[in-house]
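Me: Let's go through the aromatic contacts in this one. Charges over rings, then ring pairs.

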Amino acid sequence: MDFTKKYDNPNPEVSANPISKLLYWWLFRLFYNGYKKDIEAKDLYSINKCDYSEKLGNIMERNWQEECSKAKSEDRQPQFIRVIKKTFIKPYSLYGIELFLLCIILKMLQPIVLAKYIKYFDASRSNSVTEGWLLASALIAMTLLEVTVMHHASLGQTRLGMQCRIGTCSLIYRKLLRLNKASTANTAAGQIVNLLSNDVLRFDLAPFYLHYLWIMPIQTIVAAFIVYDSIGYATFAGFAALIIQAIPLQGYLSYLQGKLRLKIANRTDQRVQLMNEITNGIQVIKMYAWEKPFEEMVKQARKREIDIIGLTSYIRGLLVSVMMYTEKLTFYLTIVTYVLLGNSLSGDKVFSIAQLFSTIELYMAVFYPIAVSFYAEAKISVSRIEKFLIQEEVDMPQSMEAITLPKDPAKLGMIKIHQGKASWVPNPIIYTLTNINLNLKPGSLCAVVGQVGSGKSSFLQLLLKELPLISGVLEISGEVSYASQEPWLFVSTVRNNILFGTPYVRQRYKEIVKVCALERDFELFPNGDKTLVGERGISLSGGQRARINLARSVYREADIYLFDDPLSAVDTHVAKHLFEECLLKYLANKTRILVTHQLQFLKKADLIVILDNGQIKNMGTYEELAEKELAHLKLDAPDEQGKAPDDRPRLMSIVSQESIQHDDETDPQETQELVEKGALSSSVYLAYIRAGGPIVLLGFFVIMFILAHIVYMGCDIWLRYWTNEEEQNKLPDPITISPIFLNDQNLTFLESTTINYNDTFNETTPYSLQAQYRYIYIYTGLILLTIFLTILRSMLFFKICMNASKGLHNTMFGNVLKATMRFFDTNPSGRILNRFSKDMGAIDEILPKALIDAIQIFAVMFGIVALVFLVTPWMVIPTVILAVLFYFIRKVYLCSAQNIKRLEGITRAPAFSHISASFSGLSTIRSSKRQAIIIKEFDVLQDQHTAAWFLFISTSEAFGFYLDVISVIFLAILTFQFIIFDDGTTLAGDVGLLISQSLALTGMLQWGIRQTAEVASQMTSVERILQYTRLDKEGSFDSLPTNKPPRDWPQHGQVKFQNVVLEYVPGESVLNNLNFVINPGEKVGVVGRTGAGKSSLIAALFRLAPTQGLIKIDDVDISVLGLHDLRSKISIIPQEPVLFSASVRHNLDPLNK
């Protein structure tokens, strides 16, 4: 809510031609800049018009309102999924058609062309060289086209997911501003933060996979027909196993994973809400020495959350294992069945079918389960968002008559209530307000008094239409302005807090500053009224916050002013000044309603209303009520007239030379979040690995991983050996059927062929049936070992990741809890919550998946390259050249991507802070009618995040595309070299193995490298969490044994300050050489104007800030005591009451004593 100017950097995508967009040329300048220097926020491109938060929010809000109207007419609950479909179904369907053509035509033609190419190298060599070149060229062209189409569709779908997230976030925020009090009571700020961080994240992830839910079955049928056409009934063995594993087993596991998402989300809500309360009430926690019980509460909340996350991770581990061995197992069953049916292996069949199985396995065993999982998770997220969106709003129709009268000048400021009954909940047993009758004339001053809990604040909420009027009539004529009981301030300058989006009128502003007694404060502030206000006004004293809050309501042009006890937070003489100069003189002709406990001001009121238990007990002038009712109030009320409130420590306490005269002065900026520079340090990776467990566990995992991969690659090497042996040992026979092409018309295997084979080869020949069984037995053993080791390895990996996640969270929280108050004063809660919500969510769920993908793919990739070198050693030369090119591209990409990802992280936090601030100031925002302004500010904050996020996904897609191009070049060199160097001895098995494996490299290399980049990007979350493990700490909680105070200390309570100097900011003394002694049993009053240092005395006594000098309690130097030993012996009533979301008993006694 700082209303500041944002960077404007034209987006080259807008003016890019179709070729530039398809080949990502428009990003080259960004890559160049990122390679030369660190990318900063000002370097991010402005977003495209189609990605604007305001535009997307408007569309989704309109569609949601239409859905609500339609649901009401059909007597059903509105469904948010229908809104998503209506908004995005058309563009998303186009990408579905694109993927359909890719998967059904291109991907299915590829194995057929490969079979013909492998067939070219069989023993007969009946084809011409020209045909070989044509087949090789067709194979390369199809692969390049596949790469281009896939990346175009991928970026388009990811962008649609991003737009869905942006529009949903904007819709949720707009809904937040319309929630009534009953709904806000059921909604925690932590829940909204979780909705806008973890839940909407599913919209970014799901669109890429969802189309495969319907494409996969069609592709499977087409592939099964092609395979059956080649190998007959053996097809059914492999496809049956594939379907059983992929659909019932993996589908169920993925669905279960999605269902568990709801439990995770709910438990994350609870933990984030608890963290939100802790960050907001940290000063009270520290002063009461409650760190340990709250640490235990967070540990319990985290344990409940991590238990479900751990279960989900193990399911994910099992899924990853199944994905790894499914292709091997199903292909094994197909080949073994084919051989046992009496057929011989040939390279064109084995490796073309292997390529087809690899494709089907990718879509059925990888994409399909992921799609089911993301669909289930997205469905849960949609239901949670839907539940939030259907909550009641302030402007919902009520069974009453609330009228805002037209602006008749004679009636402006008039308020009438007749037989008003109001309640926060529908159909109440007891009404909040009952039988309210009031007729207030324009321009009058009405004072509302009563005991605590009598309904005074609710009365003002009724006038603001926040409290629903159940029956009766409420008439209000004119605009209403409101000053809340608890001052609401947001992170911006003092001036912006007063103006709150209204135009700056110099003379009016100066007058209001004067009548609100802020002139002296502006002189003390470092930058006058341009001084930055911390979150919730943390850098100001209580009196300053109250007067700025009052000034904002007075500055707004209105006819009726509602003041909810603004005088209780200021000194007596300041209260008198505010009442006389502001309420009586400056607002003399306005209707004013003042809720107050300051009975000395009632004499000047035109009307006094006495409330009791939600009813008007009496009302009249001061003279009419003075003898009985007011006298009774004076007896019951505590003596507050001499109250000098306890001011919160201020960060700015030096005299400033600035004043409000300098209107053109540049606004100071909020303390910037710490951002690391350059490449991620290896220490970040080491810290994550060390957090995963002891060295023995890590070593065992490495051994299991290497062993599993050796066995995994051994399956392919053994199959190649088996195939070549069969082809080399075939004996010519006059009645042997010639080898069959993959697309021959008649593919039936004749019985005579089998009989001839069995008659020709007996057990004494080198290649006998007994040898064939030996191949099968060894192949079976390799497959079983692969399954066992793959599952064991995956479970170990996710166990290590869960250990790391738990360890990092606990370490970070322990350090945050022990951090100095300076840290909380200078860091908004949204910034801290961002670490505990989004960053921890990434480490819990996203990082492990990216890491296992990257490790597995690189292992497979190195295995493939090793096979290529084994068969064609000279391929080392082009491989090294391409590896150098690949390294350069990766280096250029990471220079930009890591900085963009860091910027994406820090541009996300302000939106969370904005949400927290808005949630706590709903009444003020709505009464000021500033919803449009802060919605626009939220949209601007979203746009800043979108600029970083879209560049991140675009650069990632461009990186993947050019890596795939390198893979296609590698494939082209490998494919053409077989023709160039063919001397008639090239084995079809070698050709088939290497090309089928290298085809897998195409998507695998770019996905693996992108996953390494994703790991590096998500590691920034680990980096950001590690930043919070290096915070400045207050000191030890417990005293050293030699310094431990006696059990009954302090016995007397003497307090001595000797030359005490306190500094919140180094070099700026708040307390300067303070010396005094408070003797045992003395009652001491500390007085002084706002900012004099009253609260700083408390801060020094509790060691909440660095001090110099000597403070003794009963002759014990408190600087040598542990903080718990000190703070637990001092009791305090804090200036601002803090309550936690727990029972009253727990709030009174969190230590359970």
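Me: Which residue lies over the face of Y555?
Reply: R508, at 5.2 Å from the ring centre. The criterion is NZ of Lys or CZ of Arg within 6 Å of the ring centre and within 35 degrees of the ring normal. This is a predicted model: local features need pLDDT of at least 70, side-chain atom pairs pLDDT 80 or more, while totals for chains, interfaces and linings use all residues. Side-chain values use heavy atoms, without hydrogens and water, and residues are numbered from 1 along each chain as its sequence is written.

Me: And what sits over the ring of F500?
Reply: The charged end of R552, 5.7 Å from the ring's centre.

Me: Ring pairs now. How many in the whole structure?
Reply: The search finds 49 aromatic pairs. Phe, Tyr and Trp (its six-membered ring) pair if centres lie within 6.5 Å; planes under 30 degrees apart are stacked, over 60 edge-to-face, the rest tilted.

Me: Why is F100 with W214 stacked?
Reply: Their planes are at 15°, so the pair counts as stacked; the centres are 5.8 Å apart. F100 is in helix α5 (residues 80-119) and W214 in helix α11 (residues 212-231), 114 residues apart. Helices here are DSSP runs (H or I, at least four residues), numbered from the N terminus.

Me: How accessible is F100?
Reply: Partly exposed, at 26% relative accessible area. W214 is partly exposed too, at 38%. Buried means under 20%, exposed over 50%, partly exposed in between (1.4 Å probe, protein chains only).

Me: What about F239 and F357?
Reply: Tilted, 5.3 Å centre to centre with 45° between planes. Both are buried.

Methods
Helix = DSSP H or I, 4+ residues; strand = E, 2+ residues; numbered from the N terminus.
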